[in-house]
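Student: I have a structure open and would like to learn how to read it. Can we go feature by feature?

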Amino acid sequence: VAKVIDTRKGRLLLVALVFAHLVVISRQVDAPGGGATLLEHAIFVMFSPFQRLVAGGVHGIRSAWTGYVDLRGVREENRVLRDRLREVETLLQERQHAAGEAARLRVVLGLREVLPLETIVAEVVTRDAVPWFRSLTLDKGREDGVLLNAAVISPSGVVGRVVEVAPHAAKVQLLLDRNGAAGVVTERRRVTGVVMASPDAGTGDLVMKYVSALADVAVGDVVVTSGFDRIFPKGLVVGRIRSVGAPSGLFREVYVTPSARFDQLEQVLVLKGTTPEPAFDEAVQ
Amino acid sequence: VKAVWTGLAIVIALLLHTALSQIAPHQARVLDPFLLILVYCGLTGGETHGMLAGVAAGWVQDVHFGGTVVGFSGLAKLLVGFGVGVAAARFLLAGPVPRLLVLVVATLVDALLISRLAAVFDVATEELAPRALLARAVANALVGLLLFEFVDRRLRGERRT
């Protein structure tokens, strides 16, 4: 037996490692959301400081270069920005008026006040480095207040959720990942559905599923989070409807162009704390 | 000593991939520096070294760049590393053309294994279009060939001195 083991050491090791992998993968598949294995966590904690160091260096060089390049054409940009500021100030006055009116109506109708979201600003350390999964690594982790399953957003829209947390790093599953999803509602007619990555590879689009075939949805409608998934708070912009598919049975598929620029993310906001659970009657509605 | 160098190479691959994903995200999705390490280990160190390097590189890649279920890349790279080691023991794969071929085949097998394993375990992954897969194979083959040549020259130089 000893001789057989000695001569077939390599093959026995291969069989043992393959078996171990199958067990580790099966355990994760059987317990979705069960968190990371000890090995996964150890590797993530061990190497993420090096990644942060490299990402910091790249950021430093890039910002120095951008600073130099940006100096050129500053006067012209200044003029354009001043014009834009005037437009925005006018718009702001209109919005302030509308917000005041909305607050008054909210009081009249007895609705809950929308809670302000507490966030943590995080730098993107790595993004989308393998073709099969869509993920990001952030430079903020548990010790900065990042929690597992926390929603990650950018100023332009929803980005994804935290799936792995180390003391000073976190891994984010993008909304574009084939295993990601979010509960959504259209802003215009409050049509609910679930957005997930479009099955058409590489389009960068989202598809809104479980939309009633009779629902009133139109190209250009803004899609926001519904809050029913208990990960993303309600009212965050996800994207705009790009096209509406033909009804198939009870439902139709609606294609959504995401608002977040996933390929240009440098900083994101991680939501602190848990999302308030929607009230029962609100969920039914 | 071999294990230390392999570990160091994996850390360098991780840092390189991190930097590349910041500077050129699209190119980072095409190149797989972790695969280059296990192919080189399989070619020069045999099946055991190839598969152990594959497991280590695959797991680091899985944890840092993979999805919510980790281990697909680890298992795929374990099998690829073993296969390269077995092939290197049976055939003469020292020249640039055979190495180019090994890198192309290793990339294709790695991609095929990852997508098949994910399908078996019912984990959704993004489908790699044939053109993207070919681009990945060519990029890995060219970069790998240059890298292997560079490492070989350094090792030869060290042996001479």
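**Salt bridges, barrel and interface**

Tutor: Start with a charged pair: A:R84 and A:E87 form a salt bridge, their closest N and O atoms 3.0 Å apart. A salt bridge here is a side-chain nitrogen of Lys or Arg within 4 Å of a carboxyl oxygen of Asp or Glu. Before going on, note that this is a predicted model, where local features need pLDDT of at least 70, side-chain atom pairs count only at pLDDT 80 or more, and totals for chains, interfaces and linings use all residues. Residues are numbered from 1 along each chain as its sequence is written, chains are lettered from A and ligands numbered from 1 in the order in which they are written, and side-chain values use heavy atoms, with hydrogens and water left out.

Student: Where do A:R84 and A:E87 lie?

Tutor: Both are in helix α4 (residues 74-109) of chain A, three residues apart, about one turn of the helix. Helices (H or I, at least four residues) and strands (E, at least two) are DSSP runs, numbered from the N terminus.

Student: Which residues are linked in a network of salt bridges?

Tutor: A:E76, A:R79, A:D83 and A:R86. Over all chains, a search of the whole structure finds 21 salt bridges.

Student: Which parts does the pair B:D32 and B:K77 tie together?

Tutor: First the general idea: side chains of opposite charge can pair when their charged atoms come close. Here the side chains of B:D32 and B:K77 meet in a salt bridge at 3.1 Å, N to O. B:D32 lies in the loop between α2 (25-30) and α3 (33-65) of chain B and B:K77 in helix α4 (residues 72-90) of chain B, so the pair ties together parts 45 residues apart in sequence. B:D32 is buried, with a relative accessible area of 0%. B:K77 is likewise buried, at 0% relative accessibility.

Student: Now the sheet. Which strands make up the closed barrel?

Tutor: Strands of a sheet pair through backbone hydrogen bonds, either parallel or antiparallel. In chain A, a closed barrel of six strands runs β6-β7-β8-β11-β10-β9, with antiparallel pairing. Neighbouring strands of this sheet are turned by 40 degrees against each other on average, direction ignored. The angle comes from axes, which are lines fitted to C-alpha atoms, for helices over the stretch in contact; angles run from 0 to 180 degrees between N-to-C directions.

Student: How many bridges join β8 and β11 of chain A?

Tutor: Strand β8 (residues 206-212) and β11 pair in the antiparallel sense over five bridges. Two strands pair if DSSP finds at least two bridges between them. A:S212 stands opposite A:F251 in β11. A salt bridge also joins the side chains of A:K209 and A:E253 (3.8 Å, N to O). That pair links distant parts of the chain: A:K209 in β8 and A:E253 in β11 are 44 residues apart.

Student: What does the side chain of A:R252 do?

Tutor: A polar atom of the A:R252 side chain lies 2.7 Å from the backbone oxygen of A:A213. A:R252 sits in strand β11 (residues 251-258) of chain A. At 17% relative accessibility, A:R252 counts as buried.

Student: On to the interface. How many residues of chain A are in contact with chain B?

Tutor: Contact means heavy atoms within 4.5 Å. By that rule, 50 residues of chain A are in contact with 51 residues of chain B. In chain A, A:H21, A:W132 and A:F133 lose the most area to chain B, together 16% of what that side buries. Buried area is the accessible area (1.4 Å probe) that two parts lose on being put together, summed over both. Chains A and B bury about 4800 Å² between them, 67% of it on carbon and sulfur atoms.

Student: How many salt bridges cross the interface of chain A and chain B?

Tutor: The rule finds two. B:E126 forms a salt bridge with A:R134, the closest N and O atoms being 3.6 Å apart.

Conventions
Buried < 20%, exposed > 50% of the residue type's maximum accessible area, 1.4 Å probe, protein only. Polar contact = N/O pair within 3.5 Å; in protein donor to acceptor, adjacent residues only side chain to side chain.
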